[in-house]
Amino acid sequence: MQLMPEEGAAGIPVSDGLMLSNPGSSYEAVRRLAAGNAVVLFSMSGCCMCTVAKSLLFSLGVGPTVVELDELGGASRDIHAALRQLARDQQKLPAVFVGGKLLGGLETLMACHINGTLVPLLKDAGALWL
């Protein structure tokens with residue numbers, strides 16, 4: 001995956017001010033971004049459930065790659081459609097990927113945290129070094 005400084009509308013901006021260059025299809029862009037980062041969280045900046053998911057990950061010491069869909073402009077609708085396709089229309093935001101695989105939304109993230117499986121998943125993905 002090639003990341004470039006923010007230059008044009010064709011890329012997908014992420015939390016650290018970088019963009020995915022020439023993402024091709026939205027599905028492929030999501031797949032490449034998830035595969036290239038330990039934890040990726042697709043979010044909407046005004047979504048309270050997305051805020052809770054980000055807060056939980058940050059409180060565990062994880063620095064997820066956060067993609068705010070409402071800040072993508074025209075690509076937002078296509079990325080959101082790709083996320084729904086990946087989740088078989090069961091998924092709403094936030095969409096959390098760990099180790100390149102779709103973990104799920106806030107409910108799954110919280111369930112994994114409560115049952116003790118989240119930290120091992122994050123360690124296996126290289127997001128935690130505890």
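The questions below set computed values against definitions.

This is a predicted model, in which local features need pLDDT of at least 70 and side-chain atom pairs count only at pLDDT 80 or more, while totals for chains, interfaces and linings use all residues. Residues are numbered from 1 along each chain as its sequence is written, and side-chain values use heavy atoms, with hydrogens and water left out.

Q: How many helices and strands does the chain have, and what makes a run count as one?
A: The chain has five helices and seven strands. From the N terminus on, the order is β-β-β-α-β-α-β-α-β-β-α-α.

Q: Why is T65 called buried?
A: Its relative accessible area is 14%. Buried means under 20%, exposed means over 50%, and partly exposed lies in between (1.4 Å probe, protein chains only). So T65, at 14%, is buried. T65 belongs to strand β5, residues 65-68. Across the 130 residues of the chain, 42% count as buried.

Q: What makes the pair T65 and N37 a polar contact?
A: Their side chains are joined at 3.1 Å. A polar contact is a pair of N or O atoms within 3.5 Å; within protein, one must be able to donate a hydrogen and the other to accept it, and residues adjacent in sequence count only if both atoms are side-chain atoms. At 3.1 Å, the pair T65 and N37 is listed as such a contact.

Q: Why is the pair R31 and E28 called a salt bridge?
A: The N to O distance between their side chains is 2.6 Å. A salt bridge needs a side-chain nitrogen of Lys or Arg within 4 Å of a carboxyl oxygen of Asp or Glu. R31 and E28 meet in one at 2.6 Å. Side chains of opposite charge can pair when their charged atoms come close.

Q: How many salt bridges does a search of the whole structure find?
A: The search finds two. One of them joins R31 and E28. E68 also forms a salt bridge with K54, with the closest N and O atoms 2.6 Å apart.

Q: What parts does the pair E68 and K54 tie together?
A: E68 lies in strand β5 and K54 in helix α2 (residues 48-59), so the pair ties together parts that are 14 residues apart in sequence. E68 counts as buried because its relative accessible area is 14%. K54 is buried as well, at 14%.

Q: Why is α1 called roughly perpendicular to α3?
A: Two packed helices are described by the angle between their axes and the distance between the axes. Helices α1 and α3 (residues 75-86) pack at about 70 degrees, with axes 8 Å apart. That angle makes α1 roughly perpendicular to α3. Angles from 65 to 115 degrees count as roughly perpendicular, under 35 as roughly parallel, over 145 as roughly antiparallel, and the rest as oblique. Axes are lines fitted to C-alpha atoms, for helices over the stretch in contact, and angles run from 0 to 180 degrees between N-to-C directions.

Q: Which residues make the contact of α1 with α3?
A: From α1 come S26, Y27, A29 and V30; from α3 come D78, I79, A82, L83, Q85 and L86. Contact means heavy atoms within 4.5 Å.

Q: What does S26 touch, and is S26 buried or exposed?
A: S26 touches D78, I79 and A82, leaving aside residues up to four places away in sequence. S26 is buried, because its relative accessibility is 18%.

Q: Is L106 buried or exposed, and what does L106 touch?
A: L106 counts as buried, at 15% relative accessibility. L106 is placed in helix α4, residues 106-115. Beyond residues up to four places away in sequence, L106 touches M49, V52, A53 and P94.

How values were computed
Helices (H or I, at least four residues) and strands (E, at least two) are DSSP runs, numbered from the N terminus.
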